[in-house]
Structures are given as C-alpha cells and as structure tokens.
Amino acid sequence: MSGTETAFNDVALRPRLSFSYLQRTIRMGFRSLWTHRLRSLLTVLGIVFGVASVIAMLAVGEGASYEAQEQIRRLGSNNIILRSLKPPEEDKVSTTRSFVVEYGLTYADIERIRATIPGVQVIVPARIKRDYVWRIARRVDCDILGTVPWYAELHDVTMQQGRYFTTSEMKRSLNVCVLDSAMAYELFPLDPAVGGSVRVGREYYRVIGVMKPETRQADEAAAQGGSNGGSTSASYQMYIPLTAAKNRFGETLLKRRSGSIEAEKVELHQATVRVSRQEDVVETAAIIADLLDRVRKKKDYEIVVPLELLRQAERTKQIFNVVLGSIAAISLLVGGIGIMNIMLATVTERTREIGIRRALGAKRHDIVVQFLIETVILSCSGGLVGVVLGVSVPLLIERFANMVTIITPWSPPLAFSISALVGTVFGIYPAVRAARMDPVEALRHE
Amino acid sequence: MPGDVIIRLENVTKTYTMGAVEVHALRGVTLSFTQGEYVSIMGPSGCGKSTLLNLLGCLDRPSAGRYELGGSELSLLDDDMLSEIRCGRLGFIFQSYNLIPQLNVIENIGVPLYYQGRPERESLEMAAEFAERVGLSERLHHRPYELSGGQQQRVAIARALVNDPLVILADEPTGNLDSASGTEILSILDDLNKQGKTLIMVTHDEHIADRSMRVVRLRDGEVVSDVWN
C-alpha cells in the first residue's frame, strides 16, 4: 500500500441498495428484534389486534348482514306481509275474568284488496294457533299455521321429505300437515315422519311432508311480532290447510293465562300480498294500508315490507362499515404509535451501537435502512399474525357460536398492507433520528 | 523515517459552542504522520487529544485548517464520503471495545466489510482469517459478553484490521484492561507496527507511550512537544 494513492478512489465498492445487502439487513433486523423477544412481541400486539379485529369484525358483520338480508329476501322482496295485531287498548280490558277480543284481518279484507288493487298477484292468508302437538306420548309446543298450498312457493319453502299439501286437499279441508325438520325429529326420532300422524287436541293429522331446516327461519321471522295475539312464537311450526284450521279450531281461540281465560276472535293472522313489479311494492303497501284503515276503528294490523327492511339493512350495513373502518383506522394508528414509541426508545438505547456503526463506515442511509427495516419487520409480522388470528376467529365463532361469518376476500390483504404501511410511516421518524445522530456524541453515550 | 506522509494536519482548529460559551478544543494544530509510524498522543484530560483523534478518524470536521489523508483534502467532503473513508481507510480501536452486543465475534469483525458491500461469504472468510491472526479462531461464534476484556479488545483489533486501513486509531486501548491483558494487547499492536501498520494511539500512560516511536504531547489544544523516542 502506498501513501500517495488517494484516500477514496477505491472505497466506493458498493451500489447503494443491492439485494444481498437488503437480505442481510433484514436478517440482522430479525436478530436484533429476537434479542428483545418479549418487547418485540408486546410492541406488535397493537398491530396484531388491530389487523385481527378489522378482519374478524368485518367477517362477523358481513355474516350478520348476509343472514339478515337472506331472511328478508326469503320473505320475498316483492311481498307485502300483513299481520293481525291485537290493539293495545284492549289489553287492559282483558284483565277481567273472561272476554272475547275480536280483531285482525278478515276474509273480507282480503277480498277487498284483491278487488281494488290491480297489480296484486297472490294473497296467502294464514291463521296461526299455538298449541301442543302430540304423537303418542311425545309432545311439542308449536305454532300451527293454517295456510294455502302456494304458501310454499311464495315463501320459498323447500321440502326435505314428502310434499306440501295441494289445492284439492285444502278444498276438502283434509287433516294433513307439514312439519319443520326439527319438530319432525322431536316427534319421530326413530321412524320416518312422512306417513305418520300427529294429534292436536282431539284431531289427528297425517304428516305428508317435512321442510328443510333452513327454510324455517323465514317463517319464524314472519311469525314473530304480534301475529299470535302478542305472545311469543314457538320454536316449532306445523302447517295445515287453511280450511282445516278454520274448521277444526274455529275462529275463536282460547287461551288460559294464570287464572283468567282469554278468548280471541281472529279470522286471519297473516296474509301475504305479492306485487308483480318490485317498484310498486312500497306504493302498494301504502294503498293497502289506506284501504284497510277505511273500514276499521283501530289499527289492528301491521304491514311489513321486506323490500324496505332490505334497504334498511343495506343502509345499516353501510353505516356499520363506516364505523368499523374508523375503529380499524384508530386501532392501527394506536398500534403504529406504539411501534414508533418503542422504536424511539430502541434508538436511544442503541445510540452507542449507532455510533459504532457510523465509526466503522455506515452511512446515514445505512442507519435509516437498518431501523426502518426493523420497524417494517415488526409491523409486517404483526400484520401477518393479525391476519391469521383475524381469519381464525370468525371460523371459531362460526364453529362455536353458531353464527354465519363471511371473510371478505379483500380484507386480509388490505389489513396486512395497511399494517405494513403503518410500520413504514411510523418507522421513518425514529430511523431518521437515529441517522441524524452525531457519531462522536453517539460513541460517548453510555 | 520510512514511507510517505499519509496524514497532514495544517493549522487545524476545532471550536465547540456550548450554549453561549465557545470552547476551543484545538487551537491550530499542525502535524504530519508518515507511513509505518507508531505515535502516542498524550496530555492531561481536556487537552483536546480525543478531539484530535475524532478529527483524524473523520468522525468530526475541523472548524478551520486543512486535513489531508493519503494525499486528499478531506475538509470539503460530505458525510457520506467521510463514511466511505472511515469504512475503507481507517481502523478504530476504542477504550471500551465497542463491539455490537447482538453480533458474534466473526460478525463483529465483518461489520466494516458489510458496509463496504462485500459479498457475505468473502467477508466471513476474511473475518475468520483476521480472528485467527488475533488468536480467536476458537471463539468465532461467541457473543461479546461471553468473552473477557482482553478477548473483546482483540476482536476490536481484528475488526480494525479487516479493511486493511491506512492508519489505525486507538483511543486508550488498554484503559479498561488489567495489566496482563493490557500487555498482551500492546504486544499485538507492536507486532502490527512491525508489519508496517501506521498506529496513532491516545494514552496517558507513560509506559505505554515509551513503546511507541514518537510521542506528541498536547496541552490546551496545542501541541507542546513532538518527540521521537
């Protein structure tokens, strides 16, 4: 080596950022983070939970709204559902020993609607009575729906076994019935339900069909509310022809309640109106309300428009998404600040190391890259763990809480890239601060 | 004396401002060092010897004056260029070893090579070779805290040598060591000098200074004596 050569004509060996340089820096970053395992773990928890909660909450929310929309859709977006409702004033009167309350939709109402409104396609009247259904010694508390054969088609009911009852069976008011699958299992645990018979009061009904379980929810939703004279609906349902219901149960329903007997006279508990064009649904509902109000003193019915419910559900979902987005943004921000905080502390703690590295020839950008890479490693591994957690939590919820969850395909990559971005953004300041240090000062640091 | 002039300081001053007070750490130092010299810089604390060493080591820039290293004027260079010079032309040995705790022996030795951008395999080979030269080939994969003070300082020496520097700057290399390991380190440094390395060492131990060929004494930021042994 001769002293006459210049000090810096052969030192610039290295391109500014090569692949192997990055690779080694990343490995070194992992090493540094590994030295402080617990600290690194605690630091990334913010990001982990941020990312996981975004994905999980989105999945649960999506699932819930899907379920709600599916239920509403099963009610039929072209349908208008009318339900008899016990007027509130009469509740007080019924505290006397015995009283017959007369309210609700009548066959005349249905006729009126059919005669007046042109767009109306089908009207399905339904009567609902709550009673015990027996099979030998097995008993089930259930809602008995007297309805029409096309109820199945209108409400999207699909059969597991057997069939729905037919028009001729309704005309002859035969004692036939369709059970939902849970109830069929309850009553006929060992033998096939179709072909067997069940007893309600003194009447026997032949089982001709069993419904698929998922189609029940829609009817459950339809049967909820005041449709059964204010009492809650049973979890099981049985369907019989409307005429049979009318003939066997009469129009007066007796209810025994702690000491008092209450009788209700209701012709129809429920009716479904199908409108041919979806655009007309809301308007038709208003016309029907007008029509019904004209012949009543009190409002003893309610109108449910699934389409409106659907729109409402969609609006709710949008609001939910906005709220969720802000929560996610805040939690990731908090996670990012946590990382920055720790990185600042790390930079201070490693001041001496920075001084050594600078003395041994590290440029400012080497130091920036070193610390930035550590931060990005932290946030990305946090993001990765978060994604795994966020994907598995909805699966667990689905498994154990029996809820539908839908992991939207774009949410894991989005959450992950946001976490990586957070790491980069919040890593810049600590890294630059590390690089700005005066090497002499840094070396003197204890 | 053998060799060419590799370091030339001309009327170098260094002034720090601490609040309203100006501290004159160096007041016009003119020195030159030639290839193969073994120089001790001595003086009471606060005399500016650390400042001088920092300037020589391109860790700091003079407030005024010229600093030439290997024939090139350095006072105009930017931070990145100074880093490159430290990386390729200078070796540092510190009083407190200054190894990086999370790296093992061979990686610590390889740090200057890493910043030179040498391929990993090559730098590991070179680092292993220099570890052997300071007698640490048994301990390549130990962490600094698993080593004694003397061993740590030997790692530091290997690290200072690995980039084949123009000059080795040592800041009280035996200050934290017991006398036995201190002697050991000093004999390594002697050997290096015999092999032709230029050594500039800050110390305040007269016995250590006696081993070198030239002693520069500073007081209040000025050179008060420059004696050849």
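Predicted model: local features only at pLDDT ≥ 70, side-chain atom pairs only at ≥ 80, totals over all residues.
## Ground rules and confidence

Strands here are DSSP runs of E covering at least two residues, numbered from the N terminus. Keep that in mind for Asn11(B), which sits in strand 1 of chain B, residues 5-18.

Chain B comes out with a mean pLDDT of 90, and 99% of its residues reach 70 or more. For the model as a whole, the scores are ipTM 0.94 and pTM 0.73.

## Where the chains meet

Let's start with the A-B contact. On the chain A side, 30 residues are involved, and they are in contact with 37 residues of chain B. Four helices of chain A each put at least two residues into that side: helix 1 (19-35), helix 12 (351-359), helix 13 (364-400) and helix 15 (439-444). Helix 1 of chain A gives the most, with six residues.

## The nonpolar cores

Now for the inside. The largest nonpolar core has 115 residues, and the members that touch the most others in it are Ile55(A) and Ala158(B). Helix 2 of chain A (residues 37-75) supplies the largest share of this core, at twelve residues. As a bit of background, nonpolar side chains in soluble globular proteins tend to be buried together.

What is Ala158(B) in contact with, once neighbours within four places in sequence are left aside? The list runs to Ile109(B), Phe130(B), Ala131(B), Arg133(B), Val134(B) and Leu136(B).

Asn11(B), the strand 1 residue from the opening, has a phi near 50 degrees, which is positive even though the residue isn't a glycine. Is Asn11(B) buried, exposed or partly exposed? It counts as partly exposed, because 13 other C-beta atoms lie within 10 Å, and that number falls between the cut-offs of 12 or fewer for exposed and 20 or more for buried.

Asn98(B) also has a positive phi without being a glycine, this time near 55 degrees. Its place is a loop of chain B, between strand 6 (90-93) and helix 3 (105-116). Asn98(B) counts as buried, because it has 23 C-beta neighbours inside 10 Å.

Conventions. Residues numbered from 1 in each chain as written. Chains lettered and ligands numbered in written order. pLDDT = per-residue confidence, 0-100. Contact = placed C-beta atoms within 7 Å. Core = buried A, V, L, I, M, F, W, Y, C linked by C-beta atoms within 7 Å.
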